[in-house]
Amino acid sequence: MKEVLGLYNYWIVIGLMMIGFYTMISRGNLVKKLVGLSIFQTSVMILYISMGKILGGTAPIIIEGRENVVYTNPIPSVLILTAIVVGVATLAVGLALVVRIKEAYGTIEEDEIHEQDDVM
Amino acid sequence: MSVVVDIALLAFLAVTAFAVMKQRNLFAVAMLSGIYSLLCAALYTMLDAVDVAFTEAAVGAGISTVLVLGTLALVGHKAKKPARPRLLPLFVVLITGGVMVYGTLDMPPFGNADNPAHQHVAPRYIEKSEEETDVPNIVTSVLASYRGYDTMGETNVIFTALVGVLLLIATGEQSRRIWSADERNGGVFEESSEPVEDGHG
Amino acid sequence: MDDRVILRVGSKILIPFILLFALYVQFHGDFGPGGGFQAGVIFAAAFILYALVFGLGAAKAVLPPIVVHTCAAVGVMIYAGTGVVTLLLGGKFLDYNVLAHNAAHGQEWGIFSVETGVLVTVFGVMVAIFYAFAGRRRAEP
């Protein structure tokens, strides 16, 4: 039972990752692709944070005057903290590109953009 | 107890992600992705990553949603129905997911203190951070001090992203005046200027 | 716009507290969850809320775009400048130990300084990106 529970986190995270991936590669709408990308990204972050967790531990903020406190691993937190902010910055660049594509092509559906390109 | 909450939150996340995939009204997609971020923040709190939870709640549920909504105001909110069920993406996704699940079978169990990830660098930070930097929050001390180079590079990344966004959408005819009038010689400015007289006649 | 009295009054009451909370998150980041990134985003969120409720023009009157763009650049400069100062004081790049009479105090100063840099950059970038999106006209179909 413990074994299955131990891997449950990872399996759901993989599920989320694949949903994000599928949204990215199967949907033609560019905004939806970007939302799919951010779901993919977030699932990678959850994977990292899950690996840093220690059951029975506490958040990595030192408690004064207490011995033998188990702290959760701080390194994944640090890595993911910066990744989230970079994630929103790249999302902004992606959305800006979508806005420009809409202005140039009049649509944000992938297949319609391809059609217009083929005609030209 | 915490395991139950953990499982429930992950299940909610899966449902929300699925709804994002199925939903074709992009406004609903934007709101669902906000909900998704908020659930993530709750999950991070359960997993003891409070700093990350804080950031996710502020960035993911706040700023990202506003940005997506701002984009939808410019590009419209209806996504087209996919023309035909595409089997290739599904196939690719199933294979990738299957391989990754196979990979997890060798992973150490969740939350075990003996896992390899907790053996090497982290104990050093936890032990010495307080005396070396006088900052109780280990995440802050690692972020700003031990790994200051990373954070500097990352600050540069978001600055560069801003430059990219400004170059893409803050210039040209479609943008309302972002700069003050004297810095930009846009159309309005040129029209109102008087024609230059040729001195020699 | 005038019929949304509750929204306008409500956000007017909220905004000072959001700004104050951002400062709390920034300066309490050493002892609890928080730090430059979160504080910058919350600070930006206050101005974005103002822009959403009162219009982009009003927000730009309070916080002109040139100030925001300068913030984004100055923050990076503060961060890198901390590194340069430590170099000039004889340490390595971003080695905060040399900033004060003893190592732990130097670290405290260094962390404070770079977190300020991060706060300023993140605030500037987030508001500027919002301005860029909100300031764009819808393309003619």
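Residues are numbered from 1 along each chain as its sequence is written, and chains are lettered from A in the order in which they are written. Because the model is predicted, local features need pLDDT of at least 70 and side-chain atom pairs count only at pLDDT 80 or more, whereas totals for chains, interfaces and linings use all residues, and side-chain values use heavy atoms, with hydrogens and water left out.

**Exercise 1. The interface of chain B and chain A**

Task: Describe the interface of chain B and chain A by its residues, its buried area and its polar pairs.

Solution. 

Step 1. The largest share of the side of chain B that touches chain A comes from α3(B), with 14 residues. By class, that side of chain B divides into 58 nonpolar, 12 polar and 11 charged residues, where Ala, Val, Leu, Ile, Met, Phe, Trp, Tyr, Cys and Pro count as nonpolar, Asp, Glu, Lys and Arg as charged, and the others, Gly among them, as polar.

Step 2. A salt bridge is a side-chain nitrogen of Lys or Arg within 4 Å of a carboxyl oxygen of Asp or Glu, and three of them cross between chain B and chain A. One such pair is B:Lys80 with A:Asp111, at 3.2 Å from N to O.

**Exercise 2. The interface of chain A and chain C**

Solution. 

Step 1. Here 11 residues of chain A are in contact with 11 residues of chain C, and the area buried between the two chains is about 900 Å², with 79% given by carbon and sulfur atoms. The 44% comes from A:Ile61, A:Val85 and A:Glu103, more than any other three residues supply.

Step 2. The rule finds one salt bridge across this interface, in which the side chains of C:Arg136 and A:Glu103 meet at 2.6 Å, N to O. The side of chain A that touches chain C has eight nonpolar, one polar and two charged residues.

Step 3. A:Glu103 also forms a salt bridge with A:Arg100, the closest N and O atoms being 3.8 Å apart. Both residues lie in helix α3 (residues 74–105) of chain A, three residues apart, about one turn of the helix; helices are DSSP runs (H or I, at least four residues), numbered from the N terminus.

Step 4. On the scale where buried means under 20% relative accessible area, exposed over 50%, and partly exposed in between (1.4 Å probe, protein chains only), C:Arg136 is buried at 4%, whereas A:Glu103 is partly exposed at 23% and A:Arg100 is partly exposed at 34%.

**Exercise 3. Two residues with their surroundings**

Task: Are A:Leu16 and B:Thr133 buried or exposed, and which residues does each one touch?

Solution. 

Step 1. A:Leu16, found in helix α1 (residues 2–26) of chain A, is buried, with a relative accessible area of 1%. Leaving aside neighbours within four places in sequence, the contacts of A:Leu16 include A:Ile39 and A:Ile46 as well as B:Leu13 and B:Tyr36.

Step 2. B:Thr133, which lies in helix α5 of chain B, is buried with a relative accessible area of 1%. A polar atom of the side chain of B:Thr133 lies 2.8 Å from the backbone oxygen of B:Ser129. Not counting residues up to four places away in sequence, B:Thr133 touches residues including B:Ser141, B:Tyr146, C:Gln107 and C:Ile111.

Technical notes:
Contact means heavy atoms within 4.5 Å. Buried area is the accessible area (1.4 Å probe) that two parts lose on being put together, summed over both. Helices (H or I, at least four residues) and strands (E, at least two) are DSSP runs, numbered from the N terminus. A polar contact is a pair of N or O atoms within 3.5 Å; within protein, one must be able to donate a hydrogen and the other to accept it, and residues adjacent in sequence count only if both atoms are side-chain atoms.
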